[in-house]
Each structure stands twice: as C-alpha cells, then as structure tokens.
Amino acid sequence: MSQLIKVGISDLNVARSPDALVTFALGSCIGICLYDRVTKVAGLSHIMLPTNTNRDAKQAYRFADTAIVILVQKMVAAGADKRRLTAKIAGGARMFTAISNNALASIGQRNIEAVRKELSRLGIPIIADDTGKDFGRTVYFYAEDGSMHVKSASKGEWVL
C-alpha cells in the first residue's frame, strides 16, 4: 500500500517506491522534484525564496540555495546516488501582476533562476520544466517511476 507524503510550504521530504510526494499552492514558489531512477528514491522541496542571505539555519527549507542542498543530502542518506539525480521543476508563476512593487512581482522569475543556478552548480540536470506563466499549481511526484503530475484549477492536469 503506497503512502502520499505531503510537503508543505518551505518544507521538503523524501520518499521511496511505491510512495509519492505532493505539494500544494505553488504560485511564485517552486517545487523541485529530484529522482534516482535506480534506487527509486524521490525528493520534493517547496521553496518560497531564492537565496538565504542571512544563512538562517531555521529557515533553510524556505530558500532555493539551501533547501536543494539539504534535499540532496537527505536523498543520499536514503540510498540515492547524487550522480544519478535528475530534476523536474514546476511553479515560479507571476502571481502578483497587479502589484507595483517590482521585487515582489518578479519573485517567481527570481525563484526559477535561483533553482536553475543551484541545480547546475550541483551538476543535477533538469529534465522537465513547467515554470513561469500566471497560474498556480499542485505537484504530485511518484517514486515508482519519477513522474511529476501537475494540476492547475484553471488549466487541468498534465504529466512530465
């Protein structure tokens, strides 16, 4: 019997087959799904912001630059091989178009750039990407096969 493991905002978790991970409310936030196809270890992080400038350990899961590193560590501890990890990412929408504060309005794009930069730095290829646009998403990530199912109230459902 498989289990559905919820990952909250500014949270992350790891699953093994046949379990799955889910995160809700990806607006400007990004869901980073990492997978080792051999061991079928999956990881999901829901980041809110690009960089942890204060290096606040209590808030490390909130930021792309610190959460991804921690997720990789947890996956390796669960049996994944870092050299085999691949990434699928979703989110980073422009949700605040009516707001005149440019820093807030562009947070989704800044999150996308930070996630791509950190994954590149770690040598983890992005094999699927559903980022940007102007709508929220929910992501289901299946450890059995590494598939990422994206759902949107306004756009339907698709698989990456």
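Author: Start with G92, which lies in the loop between β6 and α2 (102-105). Helices (H or I, at least four residues) and strands (E, at least two) are DSSP runs, numbered from the N terminus. The model is predicted: local features need pLDDT of at least 70, side-chain atom pairs count only at pLDDT 80 or more, and totals for chains, interfaces and linings use all residues. Residues are numbered from 1 along each chain as its sequence is written, and side-chain values use heavy atoms, without hydrogens and water.

Reader: Is G92 buried or exposed?

Author: Buried means under 20% relative accessible area, exposed over 50%, partly exposed in between (1.4 Å probe, protein chains only). G92 has a relative accessible area of 4%, so G92 is buried.

Reader: Which residues is G92 in contact with, leaving aside its neighbours within four places in sequence?

Author: Contact means heavy atoms within 4.5 Å. With those neighbours set aside, the partners of G92 are G27, S28, C29, I30, G108, Q109, I112 and G132.

Reader: How far apart in space are G92 and D130?

Author: In sequence, G92 and D130 are 38 residues apart. From C-alpha to C-alpha, their separation in space is 8.7 Å.

Reader: How many helices and strands does the chain have, and what is its radius of gyration?

Author: The chain has three helices and ten strands. The radius of gyration is taken over C-alpha atoms; the globule rule is 2.2 Å times the number of residues to the power 0.38. For 160 residues the rule gives 15 Å, and the chain is close to that, so it is as compact as a globular protein of that length. Its radius of gyration is 15 Å.

Reader: What percentage of the residues of the chain count as buried?

Author: The chain has 160 residues. The buried part comes to 51%.
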